Amino acid sequence: MQKEAIPSSSKVAKLNNPNPNQNHLLAALPTAEFELLAPHLELVFLPLGEMLYEPSMQLQHAYFPTTSIVSLHYVMESGSSAESAGVGNEGMVGISLFMGGDTTSSSAVVQTAGQAYRLERRILKQEFDRGGFLQGLLLRYTQALMTQMSQTGACNRHHSVEQQLCRWLLLTLDRMPTSDLIITQELVAGMLGVRREGITEAAGNLQRAGLINYRRGHISVLDRNGLEKHVCECYAVVKKEMNRLLSDQQYRQDT
């Protein structure tokens, strides 16, 4: 049986003031339920490009990102791929662990390096099956993630590369404390499933409009409001559904 790919020598993150409450799902758990999970949460560092799982691979852990962002991809037989969704501090990687599938047809790769808390699949399933608050929270998150996946498919089919790039930038910014992104045009092209030349043209248009500043391997967003005016409706649909399903949760105070 194949084993899940896990971070190598940098498993235990050495970061300033790490806290599970930096992940919105963990922060939304009532104290009693969180305390059942807390002893089993392992702080890990996820380096850029790390493959957390591949198609048909048995998942061993769920990941709750805090400062990292993970990209969920569908990979074609040719080796080409496109992002179906991103997961940052709002969510969890590994929904198949509690949906009953254990494996998935997609892959998960780290888009932005940072930390996450991981939880062994047996513990997640055990707590999910209790039928408490965690179960309802993860099911609502799954619905929001499905909305993101379906909207991404529609966006990639019907909207321009420039609109897709705006959507991707805004969703990424929502998961980050900064407006500076360390990423190449080639990686962005892979995320969106388009040719690199298309990203070069779209990024150039946004830069000339004063919305971003791009240099090799680095994108700085200068005008977020401007991006929101350029983006298609897909960003708002995803954001609205995430807020509808999850924003009414009461969060524990950081400790």
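The model is predicted, and local features are reported only at pLDDT of at least 70, side-chain atom pairs only at pLDDT 80 or more, whereas totals for chains, interfaces and linings use all residues. Residues are numbered from 1 along each chain as its sequence is written, and side-chain values use heavy atoms, with hydrogens and water left out.

Helices (H or I, at least four residues) and strands (E, at least two) are DSSP runs, numbered from the N terminus. Two strands count as paired if DSSP finds at least two bridges between them. Strand 1 (residues 42-46) runs antiparallel to strand 7 and is joined to it by 5 bridges; here Phe 45 stands opposite Gln 115. Strand 3 (residues 61-65) is likewise antiparallel to strand 7, with 5 bridges, and Pro 65 stands opposite Ala 116.

Strand 9 and strand 10 (residues 218-221) are antiparallel and joined by 4 bridges. Asn 213 stands opposite Ser 220 of strand 10.

Charged side chains also meet in this model. The whole structure contains 10 salt bridges, each defined as a side-chain nitrogen of Lys or Arg within 4 Å of a carboxyl oxygen of Asp or Glu. One of them links Glu 120 with Arg 122 at 3.7 Å, N to O. Glu 120 is partly exposed, at 29% relative accessibility, and Arg 122 is exposed, at 52%. A salt bridge also links Glu 127 with Arg 130, at 2.7 Å, N to O. In this pair, Glu 127 is buried at 7% relative accessibility, whereas Arg 130 is exposed at 54%.

In helix 9 (residues 224-230), Arg 224 and Glu 228 are 4 residues apart, so about one helical turn separates them. Their side chains meet in a salt bridge of 3.0 Å, N to O. Both ends are partly exposed: Arg 224 has a relative accessibility of 29%, and Glu 228 one of 34%. Through salt bridges that share partners, Asp 174, Arg 224, Glu 228 and Lys 239 are joined into one network.

On a 1 Å grid over the protein atoms alone, a cavity is a set of points where a 1.4 Å probe fits but cannot get out, and a pocket is an open set with protein on both sides within 12 Å along at least five of seven lines; lining residues have an atom within 4 Å of a point. Grid points are joined across faces, edges and corners, and a volume is the space filled by probe spheres set on the points.

The structure holds 1 cavity of 30 Å³ or more, and the largest cavity has a volume of about 60 Å³. Among the residues lining this cavity are Glu 83, Gln 111, Trp 168 and Arg 175. Helix 6 gives the largest share of the lining, 4 residues. By class, this lining has 3 nonpolar, 5 polar and 3 charged residues; Ala, Val, Leu, Ile, Met, Phe, Trp, Tyr, Cys and Pro count as nonpolar, Asp, Glu, Lys and Arg as charged, and the others, Gly among them, as polar.

The second largest pocket has a volume of about 240 Å³. It is lined by 13 residues, and those closest to its centre are Thr 67, Thr 112, Ala 113, Met 176 and Ile 182. Strand 6, helix 6 and strand 8 each give two or more residues to the lining of this pocket. The lining of the second largest pocket has 8 nonpolar, 5 polar and no charged residues.

Conventions
Buried < 20%, exposed > 50% of the residue type's maximum accessible area, 1.4 Å probe, protein only.
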